[in-house]
2 protein chains.
Amino acid sequence: MLVANKYFPRTDFLPLKPWINPSMADYKAPVQEMSFVLNDLFDVQSLTTIPAFAEATPDLVDAVVQEAGKFAAEVIAPLNRQGDIQHSRAKDGAVTTPDGFKEAYSLFQQNGWTSLAQDPNYGGQGLPFTVHMAASEFWNSANMSFALCPMLSAGGMDVLMAHASQDLRDKFLPQLVSGEWTGTMNLTEPHAGSDLSSLKTKARPDGDHYLLKGQKIYITWGEHDMADNILHIVLAPLEDAPAGVKGLSLFLVPKYLVNEDGSLGDRNDLSVVSTEEKLGINGSPTCVMSFGENQGAVGYMIGEPGQGLACMFTLMNHARLEVGLEGVGLSERSYQDALDYAKQRVQGRDPESGASTTIIGHPDVQRMLMQMKSMTDAMRALCFDASLSHDLRSHAEDEQVKAYHSVKFALLTPIAKAWCTELVNEVTSLGIQIHGGMGFVEETGVAQHYRDARITAIYEGTTGIQANDLVGRKLVRDSGQGFAALMSEMRATLDDFSHDEQSKAQFAQHLDRLQVTADFILNNNSQSASFEGAVAVNFLMQMGYVCGAWYHLRSFMAADKSTGDAQFNQAKKLAARFYVAQVLPRASAHADAVEHGAGIGVELSEAAFV
Amino acid sequence: MLVANKYFPRTDFLPLKPWINPSMADYKAPVQEMSFVLNDLFDVQSLTTIPAFAEATPDLVDAVVQEAGKFAAEVIAPLNRQGDIQHSRAKDGAVTTPDGFKEAYSLFQQNGWTSLAQDPNYGGQGLPFTVHMAASEFWNSANMSFALCPMLSAGGMDVLMAHASQDLRDKFLPQLVSGEWTGTMNLTEPHAGSDLSSLKTKARPDGDHYLLKGQKIYITWGEHDMADNILHIVLAPLEDAPAGVKGLSLFLVPKYLVNEDGSLGDRNDLSVVSTEEKLGINGSPTCVMSFGENQGAVGYMIGEPGQGLACMFTLMNHARLEVGLEGVGLSERSYQDALDYAKQRVQGRDPESGASTTIIGHPDVQRMLMQMKSMTDAMRALCFDASLSHDLRSHAEDEQVKAYHSVKFALLTPIAKAWCTELVNEVTSLGIQIHGGMGFVEETGVAQHYRDARITAIYEGTTGIQANDLVGRKLVRDSGQGFAALMSEMRATLDDFSHDEQSKAQFAQHLDRLQVTADFILNNNSQSASFEGAVAVNFLMQMGYVCGAWYHLRSFMAADKSTGDAQFNQAKKLAARFYVAQVLPRASAHADAVEHGAGIGVELSEAAFV
């Protein structure tokens, strides 16, 4: 059932066009880095002991990663700048994608990139989610606007697999898995952003289906010309449902109805109204969608009435980790661009030799580059650790292992989503800074990464929402048990680590402090209903920085043990020491902000802002 | 000689045009805030004891600030979004500015806003620089692209006043002071950004003037249609000058030559080649300028041969403080927008009451708003303290006072420039975050602030360059004496402050730590030529955060003493406590990065980036 990836570079496809500036297409997938993360830092091949993943041998995984890297660099990356310039825009109910997107998606789909981690029963390749994540990082580095389309489709697949009836799955999943059709996620309405308790889009029963009426906004890839059909996953209450989130149901609303034989039928009563002019991700259409302007849009309920939000969370948890990964992807791309520039741009003199130098010879440029690199490494490790937990919580045979990783995944997801997306703003900003004035000029392409990055801390739940999830649901609600388990893992690493005294001492100190801060929250959160909200983001950031150090120490040990590329391993150790010395200290600033700042935080009200 | 400001709102000028979206024009100059800073936090009226400023009475200053606020809000702010959309673009050797800019500049000029702090001998109003800064903050909040034009003119005035011959001053200064003509600053060339030692633009003597040939890039307002003439201040070596920065001279190169009688003569041999497509400040043209494509551009030397860079620093020091102020202006604007939105947007439930609420009822939104506000307050205080030192170093009668403030100004300038411009990225990012998805949509206008802000940490010397200036020239070169004087001022505030125990204790701790970090640098900088560069930015950021707390404690005391608006004063105290509890802790993260991170910083080299 498992199908190895079929991508072979084709010379007859997508020749470089005059509008592609080759200098913008110089992304190189970090295959060596990925191999280190999958094989040295984490032990992804241990997944092969799970029967479902028995065929996911290291060789196969390496081949998939290699081919994904090629595809990202050769096919998707060259379209990134053009997508930013041309935009995907709605006109007369249709959306035209930038030049090359349609052809690139077609090849993407034909080569099976949409189905990597999907169920073989529906045409998927059955590989671990973690392998999909490796490829997905590359898509996001290459062209985040493009990558959003299959990312949302994958979310749709998850929802259908988990909650849809057998009939719905049989009818819609194979084409979604194969990428012939794509998926979207319809939650937001103009008056309701993060608060879904008052949605105005309504559904009413009509025979074996429902009819929906209403408007949804911020629908990424809500309409486009790259696939034959688009499956909208729509959150809406039934007309007579109780108010609030418990009245919400979930619906599958296809752009084209599908006949019994699987062929496309009538156009459904839904259409794109307009697309937003945005700060970034301009290659992707962000649509205002209208459902049921005439007779009502035909929709099929997924799951039970009133279970819509619970079902949607299946999609959102998936999407949250992938959005964290977008932060990794853009950071990596920005780092590569900055490093290339720093190696080429001659300016000033080397402080040691006094000789004319490229700017990589300047200590402050080295600092910025190492900050970018060490942050990106930490972010990547966090996302892949969460991803491994997802594979294990889903497929491990041992129920205890499943339960352990279910808790760990739940704990790491908001951190991966929020911490990585906060940091990507800083990393891409450093990418601009290293370019100096050239970074502010759009032609260079690095400003686009900064613009594209800015949405990631907003969509799929803002940083504030992730932090409330972390503190409220993942720390306080289970009385710190999941947190304690993670702390045990981190303490075990501390015990094992004897490779660098200063790094060990600093990590130990910040680990102790994290326990103090968590205890402070557990002991004080009942004092005020505002307490959690007042401290949550700072605590999340603290956790992110400490986890980052944890992964860096593990990376140091893995590099120390590795018999591979010596320079690569040496750089890994430098990055770890740099991170612990220069980045980790921020954790205590956030700890202070929680412990000393909770009082003033709770005291604030609208009156403070005159 | 002193002329009170003549601006009265005119009903016949610049009626709101259909292209002005009124919702984008809702900037309100923070006049109460400014009055607090000038009169309560600092004692700007003490300047009236200086003969030169005898007429700058509190009433006059207040009137000027009021009128500037009106002008900024009513005339300049409404053009901000349109400037971003239309851009100033070069075509056929001319630059067309966005609709309304020309008329607004004409009114700006006619009402004397260009001459506030200029020498009455050349038509200036002779007010303190600090009063000009108050107005300038408003211009930058209202429309930074627009504000850049008079900002660069003022730099040109400073250079001419300080270094040009009497003849040149008489011939060119009055029209520059009156704003009939504008000025520019021409340093950068394609191959030479921050490093000016290898400029290719050359000057050769030709009678009583020089002829220049070469190309300059990143020339802000290098060409436009708002003034009759443009005076380019151009840095270039004479043809036979020694290599390096010591060979550089400074030239005044007017767009139109000026006849003996002051009338405009021939067009000089210079022209705009193109304008850059940028991330932000799109209303302002960023020009590639070509000098001397035919016979050579006529230029007049300012100062002595080989003294060009020293002379240019007069302009650059001025400009650096004003760029720091741009950070303040954009932060203020972004804060106002976010606060308005937070008060209007209904979403979710108040955690205390459970009732439906505007988002300002959410603790994390309050945190973000207070972070924006308290950072903006700290940044503003830093810029105005530096500005007061500038007035005192320039005009105090007591030589000791002059000398003291000369050192203090030199110390504070790189911090004001770099710290404020780093923070404005964060503040404007929070402004987006508070808007949620709406913040990412350009229509809201808040994304523009984020884009506009990004240049400020780059031009007029990057953050890295400011930090090297701070550590190399201002700390190490004078063995920490200027730093010690500032520490004494801060310790005096600590001694006076007995208003809030927690804030006092935390400030004391961070003050002690700052001394430790400075000593660490003074004791270790000779170990490696890379040392200063490896620690400089973190030290600068640490100083910025500690200075910010210093101003907040002074602000707390001033508010405590004030008999004015009780709610305003209460909010000031809250902002101070919030800043100390939640923002100041970052200082120790930077201290750690210096003290624990210097080693790994020095160790880095190109090999670390594989």
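This is a predicted model: local features need pLDDT of at least 70, side-chain atom pairs count only at pLDDT 80 or more; totals for chains, interfaces and linings use all residues.
## Handedness, to begin with

## Helix α11 and its partner α7 in chain B

Let us start with α7(B), which spans residues 308–344, and α11(B), which spans residues 446–453. The crossing of these two helices is left-handed. Their axes come within 10 Å and cross at roughly 165°. Angles over 145 degrees count as roughly antiparallel, and α7(B) and α11(B) are therefore roughly antiparallel to each other.

Which residues make the contact? On the α7(B) side they are B:Leu330, B:Arg333, B:Ser334 and B:Asp337, and on the α11(B) side B:Val446, B:His449, B:Asp452 and B:Ala453. Sorted by class, the contact of α7(B) with α11(B) holds three nonpolar, two polar and three charged residues.

## Helix α11 and its other partner, α9

Helix α11(B) also packs with α9(B), made of residues 399–435, at an angle of about 165° and with the axes 9 Å apart. These two helices are therefore roughly antiparallel to each other as well, and α9(B) passes α11(B) in a left-handed crossing.

From α9(B), the contact draws on B:Val424, B:Asn425, B:Thr428, B:Ser429, B:Gly431, B:Ile432 and B:His435. From α11(B) come B:Val446, B:Ala447, B:His449, B:Tyr450 and B:Ala453. How many residues of each class take part in the contact of α9(B) with α11(B)? There are six nonpolar and six polar residues, and no charged ones.

## Helices α13 and α14 of chain B

Further along chain B, the axes of α13(B) (residues 481–496) and α14(B) (residues 501–524) come within 11 Å and cross at roughly 165°. That makes α13(B) roughly antiparallel to α14(B), and their crossing is left-handed.

Here B:Phe483, B:Met487, B:Met490, B:Arg491 and B:Leu494 of α13(B) meet B:Lys504, B:Phe507, B:Ala508, B:Leu511, B:Gln515 and B:Ala518 of α14(B). The residues of this contact divide into eight nonpolar, one polar and two charged.

## Domains of chain A

Turning to chain A, you will find domain 1 at 22–176, domain 2 at 181–306 and domain 3 at 465–604. The C-alpha centres of domain 1 and domain 3 of chain A lie 31 Å apart.

## Where the two chains meet

How many residues of chain A are in contact with chain B? The count is 76, and they touch 76 residues of chain B. Helix α16 of chain A, residues 566–583, supplies the largest share of the chain A side, with eight residues. By class, the side of chain A that touches chain B has 35 nonpolar, 26 polar and 15 charged residues.

## How the copies are related

Two copies of a chain are related by a rotation about an axis and a shift along it. The same surface serves both copies, as 100% of the contact residues of chain A recur in chain B.

Key: Residues are numbered from 1 along each chain as its sequence is written. Chains are lettered from A and ligands numbered from 1 in the order in which they are written. Axes are lines fitted to C-alpha atoms, for helices over the stretch in contact, and angles run from 0 to 180 degrees between N-to-C directions. Helices (H or I, at least four residues) and strands (E, at least two) are DSSP runs, numbered from the N terminus. Angles under 35 degrees count as roughly parallel, over 145 as roughly antiparallel, 65 to 115 as roughly perpendicular and the rest as oblique. A crossing is left-handed if the near helix is turned anticlockwise from the far one by less than a right angle, and right-handed if clockwise. Two residues are in contact if their C-beta atoms, placed from the backbone, lie within 7 Å. Ala, Val, Leu, Ile, Met, Phe, Trp, Tyr, Cys and Pro count as nonpolar, Asp, Glu, Lys and Arg as charged, and the others, Gly among them, as polar. Domain bounds come from an automatic or database domain assignment.
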